[in-house]
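Visitor: Please show me the structure, and then let us go through a few questions about it.

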Amino acid sequence: MKPEPIIHLTPGKRVLFLTKDPELIRRQLRGEIDLQMRDLTIDDLLDDINTDAMTPAWVCFSHKPEDIARDAYAGLIVDGKRLFEHDALINGNFEVIVSGYRKGVGSSRETATQCEVWSGIRIAVAASFAPIHAGNNINQGLLMADHAMLERLQAGEGIAIEELCKGRDAITQLVIQEGGLFPFAKAVARGEIDLPVPNTPKRPMTMGEKILARHVLSAGNRQPTTDNQVYVKPGDAVVVEVDGGYTHEFTTAQVHYFLEQEYGPEYTIKNPQKFAVFEDHLIYADDVARMRPFMPKIQTLRDLQRAFQQHTGCRDFSAVDNISPGICHEVAREYIIDPGDFIQATDSHTCMGGVNNALAWGVGATEYANLVHSGFTQVEVSESIRFELTGTLRQNVTAKDVMLFILLRYAKPQRTLDRIMELTGPGLRSLSMDERATLANMATECSARTAIIEADEKTFAWIAAMRPGVDVDALRARAVSPDPGAEYAGGVHTIDLSSIQPMVAHPGDPDHGIPSDPTNGAFVADVEDTKIDIAYAGSCTAGKIDDFLFYHQVAKEAVDAGLKVAEGVKFYIQFGSQAVETFARENGLLDTFERAGAVVLNPGCGACIGCGPGVSEDSEQVTISAINRNYKGRSGPGKLWLASPLTVAASAFTGHVTAYTPGMFAKELVGA
Ligand code: SF4
């Protein structure tokens, strides 16, 4: 709904304060008290309310926001009990919800916003909002205000909508004023909105800026530049065409539902051959006991995805005979993404597409539904940070170690935050495409906007090998490189690959204030003796052909030395895609894994998202994993260490967190 030009509180509606004192929340929910901001301080309010507390994963198995709202804040648990019972937020008759700092941290989960909007919340008040959550609020038409504004509203004052737009780029202001992304897009389609025109003069550009500049939609109206090209700079608000994208069965149902609601059952999408659906995330969920109660809802998600695919004619990567064709990000780089593309998909690891010299990042269901229907989206141009890689990796080090190093050195102090990470240099060119994909994949763990990898002949040859018949000259022509003199607000940093050592990210100790975080980097050599129960080798980060070659390299050495997977350890190896599986079968890798005693799993996501074999089952279990995130609870209740494919495989055979050293098992044999 389009907000009034002057915002007032609605007589009869209530304001809910999420206080640190849970009893105060209970009393507000029971309707016993109504609080005033002037009687509280920001310190009285809950900070860091995360998206998991607002809508835990099980709530997200529902695709209708009205159903999701019924379990709003179901993850806010006090003394083992839900603070918000079923329907509590809806029944409270609230229109404002108030909290402290960093509201909406955690994931990009748009359901967190939906649970409030569909409970009747019109204004969210906080001292600060996590950036992605703020974006979701804007797209859903949820207004955001600070505590001083709330005091004024509660005193009966009206606040101009322009004041709630302060600090936002020009297009975002229009989205807020229209009441969200769908109303904004419809107003654009009706010709009621003049989009801002980029008038940035000629300047050297980064790779990300070049791709966005090429895709600017309102370019025809701009002031001509000296060479008649479009230029952009960080902070510019632009409307850009989207080349392609994809959803998976965790998100497609909502996209389908939103499009039907907004544009009717006969809605269409632009360019269906460049958009796709994947069945990869929940395909093996019934192997996990705590997921079984949700199987009927999961089946509904699958059915609705099929309905969306049939309705739109988009590319279909559904499971066949319950086997996934692979993880969306891996398959998308194999078959969909071209150099120079601008790609949007409903998953935070969409950034992996940057390996093909594309600009790619994840968006929520609303943003995706809007762009897949219209073919364009609005973007604020991000700053960039550049990493020049030199040297070559040591024999026991992989790109995963490089990323764990970047996470520790650059992401932890927030130097990559919301920036486009560019990776270039002679060291990069020494890496295979699969290793480069690992670098792009983990940009989201760096809280970066995305990552983009400079292309070379390896890039074009790899794409051509995956897609026989592709026009390599056309790929080459679309690729971008940074201009000399391009500006990097995050700086240009040289990383000598030969200086990187095997690394892990430790699981932290969330109960004592040390979060489980991928930036918890440490050298394996410095890790105290740590026994493991599970080694997991797979995911979009580490289920590629080269990762399988790493697993095999270690397993073969171990098997040749007469070893099997360590007693008491389960070693799971999962293909990232069917192309990876075909390679492994045709090259005899599976025989070695079988002789080693590893469990080889069908392609797809799985343990990584807590939905497949390889999850931990109790809090004492220790996992070493080649996946990308170690957030508490994501892959079961145990402790999860992140490591490279080589370290994961070596640890599977030693039973402890162990870096791989070539010949390490042969030495054991000699020693025995
Ligand atoms: S493998 Fe894990 S991180 Fe990658 S897309 Fe699947 S669930 Fe997400």
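Visitor: Is Gln310 buried or exposed?
Guide: This is a predicted model, where local features need pLDDT of at least 70, side-chain atom pairs count only at pLDDT 80 or more, and totals for chains, interfaces and linings use all residues. Residues are numbered from 1 along each chain as its sequence is written, and side-chain values use heavy atoms, with hydrogens and water left out. Buried means under 20% relative accessible area, exposed over 50%, and partly exposed in between, with a 1.4 Å probe and protein chains only. Gln310 has a relative accessible area of 65%, so Gln310 is exposed.

Visitor: Is Gln254 buried or exposed?
Guide: Gln254 lies in helix α12, residues 252–263; helices (H or I, at least four residues) and strands (E, at least two) are DSSP runs numbered from the N terminus. The relative accessible area of Gln254 is 8%, so Gln254 is buried.

Visitor: Which residues does Gln254 touch, not counting residues up to four places away in sequence?
Guide: Contact means heavy atoms within 4.5 Å. With residues up to four places away in sequence not counted, Gln254 touches His63, Pro65, Ile68, Thr111, Gln114 and Ala365.

Visitor: How far apart in space are Gln310 and Arg27, C-alpha to C-alpha?
Guide: Gln310 belongs to helix α13, residues 295–312. In sequence, Gln310 and Arg27 are 283 residues apart. In space, C-alpha to C-alpha, the distance between Gln310 and Arg27 is 49 Å.
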